[in-house]
Amino acid sequence: MATMKDIADLAGVSRGTVDRVLNHRGAVNAQTAEKIMEIVRALDYRPNKAGTALAAQKKKYRIGVILFSEHNPFFDEVMEGVRRKAAELQDYGIATLTRRIEFDADAQLLAISELMEEGIHGLMLAPYNHRCIREKIDELVTAGIPVVTVNTDIDGSRRMAYVGSDYFKGGCTAAGLFALMTAGDMKLGIITGSSSVLCHTERVAGLKSTLEASYPRIHVTEILENHDDEFKSYTLTRQLLERHPDMNGLFFAAAGVHGGCRAVEESGRRPKIITFDEVPTTLEMLKKGVISATISQQPYRQGAESLDLLFESLTSGAVPGKERFFVDHSIIIRENMP
């Protein structure tokens, strides 16, 4: 098994330099640090677990967690995964500091600044897709604070890894389901969360790309944003139904499903509806036959795995073998409900 001395010899540096890179301590030339990490990955270096536990207990690492929407049931499940994993890591002296915020770049920047003031050593973040957030992530990484994005990613940042769905593929899957469920021309309305959240835009892009390439009989009539708000989703869905009396399909690319489905129930119409996730209110609408199918994305696993990646990085210097950790999509209909 490779040792720290092996890495130091191959890199032509001291063991102290290797230790600083692996444990994010002190400044090391960027080219030297990258050379060391290439050797670490090639040798599949794993520090002694007992020593790791003792070192972590002494350092008392703090990991910050920032997720969206205090009243978003999907992120409640992500947070449950965080809580369970955090309980496992308490014996290692790991503390988690959590924030739940709305879809707003300034709110996210403020939450990050607050956690930095509290001395976090790593950050798990559902990022708002904006340049200022990308720059803040890069600032954290430069300061030796690894970042893992969860549930939604951000373009071009230096984050260590992403844990969540392949959202483009999720949109493609939804397009295929609409094609299987319908015949002839279809008019499809889309209710998404925010054009500033990458996972939402990727789902819509995947759906539209598949429809254009394979199912031109399905036409998108209008796309509206509800910012994951149930009340706004109710209002927007009513407007869609009123403006497009021939609309016979609805795609909910984010949260706000229950509010939108209530508007559909009140209208007396029965469009084909595809959603994401298996939160209780969505399953209720699926059981009633309002929703045709929902696509699950394992929120509990997203929370637990993201925190575990940060723990491994902080305590052992372990670098993930890949940048993206995609969870599985599963299609749920009324007949196979959990």
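A cavity is a set of grid points where a 1.4 Å probe fits but cannot get out, and its lining residues have an atom within 4 Å of a point. The legends below describe close-up views of a predicted model.

Figure 1. The largest cavity has a volume of about 110 Å³. Its lining consists of 15 residues, of which F74, F75, N151, H200 and D277 are the closest to the cavity centre. Two elements, α5 and α9 (198–214), each give two or more residues to this lining. Helix α9 gives the most, with 3 residues. By residue class, the lining of the largest cavity comprises 8 nonpolar, 4 polar and 3 charged residues.

**Figure 2. Lining of the second largest cavity.** The volume of the second largest cavity is about 80 Å³. It is lined by 14 residues, and P73, A255, V257, V279 and T282 lie nearest its centre. The elements giving two or more residues to this lining are α5, α11 (257–267) and α12 (280–287). The lining of the second largest cavity divides into 7 nonpolar, 5 polar and 2 charged residues.

Figure 3. T282 belongs to helix α12 and is among the residues nearest the centre of the second largest cavity. T282 counts as buried because its relative accessibility is 2%, the cut-off being under 20%. Beyond residues up to four places away in sequence, T282 touches V257, T275, D277, I291 and T294. One of these, V257, also lies nearest the centre of the second largest cavity along with T282, while D277 is one of the residues closest to the centre of the largest cavity. The C-alpha atoms of T282 and H258 are 6.3 Å apart in space, although the two residues are separated by 24 residues in sequence.

Figure 4. The largest nonpolar core holds 50 residues, and the members that touch the most others are I66, L67, F68, L123 and M124. Helix α5 (residues 73–89) gives the most to this core, with 7 residues. In soluble globular proteins, nonpolar side chains tend to be buried together. Apart from neighbours within four places in sequence, L67 is in contact with F75, V78, M79, R99, R100, I101, M124, A126 and V150. Of these partners, F75 is also one of the residues closest to the centre of the largest cavity.

**Figure 5. Strands β3 and β4.** Strand β3 (residues 122–125) and β4 run parallel and are joined by 3 bridges. L125 has T149 as its bridge partner in β4. Strand β4 (residues 147–150) is covered on both faces, with V147 and T149 buried on one side and V148 and V150 buried on the other. V150 is among the contacts of L67.

Figure 6. Q108 lies in helix α6 (residues 105–117). Its relative accessibility is 0%, and Q108 therefore counts as buried. Outside the four neighbouring places in sequence, Q108 is in contact with I66, F68, I101, L125, A126, P127, Y128 and I133. Two of these contacts, I66 and F68, are among the members of the largest nonpolar core that touch the most other members. Q108 and F68 are 40 residues apart in sequence, with a C-alpha to C-alpha distance of 9.1 Å. A further contact of Q108, L125, is bridged to T149 of β4.

Note on methods:
Residues numbered from 1 in each chain as written. Predicted model: local features only at pLDDT ≥ 70, side-chain atom pairs only at ≥ 80, totals over all residues. Heavy atoms only, no water. Core = buried A, V, L, I, M, F, W, Y, C linked by side-chain atoms within 4.5 Å. Buried < 20%, exposed > 50% of the residue type's maximum accessible area, 1.4 Å probe, protein only. Helix = DSSP H or I, 4+ residues; strand = E, 2+ residues; numbered from the N terminus. Contact = heavy atoms within 4.5 Å. 1 Å grid on protein atoms, 1.4 Å probe; cavity = no way out; pocket = protein on both sides within 12 Å on 5 of 7 lines; lining within 4 Å. Points joined across faces, edges and corners; volume = space filled by probe spheres on them. Nonpolar A, V, L, I, M, F, W, Y, C, P; charged D, E, K, R; others polar. Pairing = 2+ DSSP bridges.
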